[in-house]
Amino acid sequence: MRRPIPLPDGLGARFRVRDAVDAGATLTHLRRVGLDAPFWGIRSIPVDPDLSELDPFARQAAERRMKARAFIPRLGDGQFYSHETAAALLGGPLPLRWLAPGVVADGRDLDVHVSSFGEGPIPRANGIHGHRANIACRFFVARDGAQIARPETAWAQLGGTLSVIDLVTLGDFFCRIWREGYGRRDAGTPPLTTIDRLRSTMNGVRWRGIRRLREAIELVREDSWSPRESAVRFHLVTAGLPEPALNVDVFDDFGLFLGCVDMAYPDQKVAVEYHGELHHAQYAADVERMAALRAAGWTIIEVTSALFARPEELVARVRIALRGR
């Protein structure tokens, strides 16, 4: 059996077919070496990471990023990742896209959003959603050799497609300030953007979905640690309840640290805690933390995925707890 002919040096993991041919490869060779063809005119070395341990949101986001990176060799001058693709590449939370009821779509089957600035051609290819960028998109961040819309631009671009709650969740992620606190990691890490920048970008031009953007910007905060926390707060505040403090370090009367709670009404000693999928060790630690808080006189509303799916009941439980104090 003949040994496969290696690819020319310098092509990297993703490359244009024309660049491979210019470097000495033949089209026959490219067909025989087991390369992926994610887009017309692009070949890439197959990569199949194990995403099975990720939750559906993280898995779909990782798949989105894989598909977007595969298009990098075809990005032209003045073209950049935008909209949902920019948000995914920046690590932002997005709502799940579904293939069918109960079936989460593979992120590699979703369109990659690419915008073209100025008078350059709008990209056109299967799996690519091309856009004409406006003047507010003139600033970018660079990742993996590609230009990406800045967080505030990506957020404003999504006013036309995301709901208010999803815009708040994404805005919270982009604007999070990593404050000092008991046992907090990464304190001092700068936020990706600020609420002032979101507002300035939003007001710079008339974006699609401007009414949703204007509603969402008033609810974006700097201290939310997770998308579910943001969504829980959204349900509470839009139902007319007082706005809770976020990620509060709680101490007992003797100054002993009891734990950090997701949302708190300190005067009433009411806390709201969201529980995602927990491993055994994390679950055991949370049980002890909840017990210590309750022993100190706190009322804890624990939000499971089942309760999260019933926001009216969630709001009612918090309202009752606040009235009971």
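Helices α7 and α8 are roughly antiparallel to each other, a label used for angles over 145 degrees. This is a predicted model, in which local features need pLDDT of at least 70, side-chain atom pairs count only at pLDDT 80 or more, and totals for chains, interfaces and linings use all residues. Residues are numbered from 1 along each chain as its sequence is written, and side-chain values use heavy atoms, with hydrogens and water left out.

Back to the pair. Helix α7 covers residues 195-204 and α8 covers residues 210-217; they pack at about 160°, axes 11 Å apart. On the α7 side, Ile195, Leu198, Arg199 and Met202 make the contact, and on the α8 side Ile210, Leu213, Arg214 and Ile217, where contact means heavy atoms within 4.5 Å. By class, that contact has 6 nonpolar, no polar and 2 charged residues.

The second pair is α6 (residues 164-175) with α9 (residues 227-238), at about 130° and with axes 9 Å apart.

Now the pocket. How much space lies in the second largest pocket? About 380 Å³. A pocket here is an open set of points on a 1 Å grid, fitting a 1.4 Å probe, with protein on both sides within 12 Å along at least five of seven lines; lining residues have an atom within 4 Å of a point. Of its 14 lining residues, Asp36, Pro38, Ser44, Met66 and Ala70 lie nearest the centre. Helix α3 (residues 56-70) gives the largest share of the lining, 5 residues.

Notes: Points joined across faces, edges and corners; volume = space filled by probe spheres on them. Helix = DSSP H or I, 4+ residues; strand = E, 2+ residues; numbered from the N terminus. Axes fitted to C-alpha atoms, helices over the stretch in contact; angles between N-to-C directions. Parallel < 35°, antiparallel > 145°, perpendicular 65-115°, else oblique. Nonpolar A, V, L, I, M, F, W, Y, C, P; charged D, E, K, R; others polar.
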